[in-house]
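Let us walk through this model, starting with its cavities and moving on to its aromatic rings.

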Amino acid sequence: FSMNFIIFFTVFGILFLGELGDKSQLIIFNLVLEMDTKPYKIGIGASLGFAAIITLGIIFGNLILQFIPVTIIAIVSGCVFIIIGVIETRNLKNLYYEMKNPVGNAKKIEKKESSENYTKIETFEKFRKNPYVAGFFSIFIMELGDKTQILTISLASLYAAPFEVWLGSFIALSGLVWIGISFGAIILKYIPKFYIKVIAILVFIIIGIVVIISNLI
C-alpha cells in the first residue's frame, strides 16, 4: 500500500480552508463554553460526527465513480467548487460590516444566523446533556447534506483514492474541531472571519476552474 500524499494534502487544504471559522467550529466552541464538562469529551464526539459524515460522502462518491465517466465527474466537481465559492460570497457583506463595526453588527448577525439554524439546533438540543452525544449530533445534524458532505462526495468522485480523501478530510475537520475548542476565540479575535471567508472563496473558485480546464484540454 502506497499513499498518494498529493491527494491527501489537496483534500486536507480544501476542507481546512473551507470550514475554518464556519458554523460547525463556532458551535463546538459555544458548546465548550456552555457545558460544564471537560472540552475533550465534546471534541471526541464532534470528531466522530465528522467521521460519520465523511464516510457517507466517500460511499456516495465511490458509487458515482462506478457509473459515470471520470471526465464528466471532474467537470461536474469543478462546477461544484465554483458554485460553492460563489454561494459563500452571500455572507461577505455582513462579515465586512461585522469586521468594521463588530459591536454594532454582532447582535444583528447573531440573530440572523440563529434564525437560519434554529430548526437543526432544536433537533439536537435534547442531546446536549451528554458531551459526547452533544458533540456528535451538533456536527452530524449541521453537516448532513451541507457543504462539507457535498465537498467530500465531489472529492471522492474526483479522486479514485477513498483512503486519502477520507484521511485528509477527517484530519482537516477534526483539527478544526480541536482548534475551535482550544484556540477558536483567539483566532477570531486576531483574524477577522471576512478575510478567512475571502481566502476560502478564492480557493474554491480557483480549484474549480483548474479542474475544469485540465479536463477539457
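**Cavities and aromatic pairs**

The count comes to two cavities of 30 Å³ or more. A cavity here is a set of points on a 1 Å grid over the protein atoms alone where a 1.4 Å probe fits but cannot get out; lining residues have an atom within 4 Å of a point. Volume is the space filled by probe spheres set on the points, which are joined across faces, edges and corners. This is a predicted model: local features need pLDDT of at least 70, side-chain atom pairs count only at pLDDT 80 or more, and totals for chains, interfaces and linings use all residues. Residues are numbered from 1 along each chain as its sequence is written, and side-chain values use heavy atoms, without hydrogens and water.

The second largest cavity has a volume of about 50 Å³. Its lining includes Glu19, Phe50 and Ile139. Helices α2 (23-34) and α9 (162-182) each supply at least two lining residues; helices are DSSP runs (H or I, at least four residues) numbered from the N terminus.

Now the rings. The whole structure holds ten aromatic pairs. Rings of Phe, Tyr and Trp (its six-membered ring) pair if their centres lie within 6.5 Å; planes under 30 degrees apart are stacked, over 60 edge-to-face, the rest tilted. Phe8 and Phe9 have ring centres 5.0 Å apart and planes at 75°, so they pair edge-to-face. Phe8 is buried at 9% relative accessibility, while Phe9 is exposed at 52%. Buried means under 20% relative accessible area, exposed over 50%, partly exposed in between (1.4 Å probe, protein chains only). Phe5, Phe8, Phe9, Phe12 and Phe16 form one aromatic cluster.

How values were computed: On a 1 Å grid over the protein atoms alone, a cavity is a set of points where a 1.4 Å probe fits but cannot get out, and a pocket is an open set with protein on both sides within 12 Å along at least five of seven lines; lining residues have an atom within 4 Å of a point.
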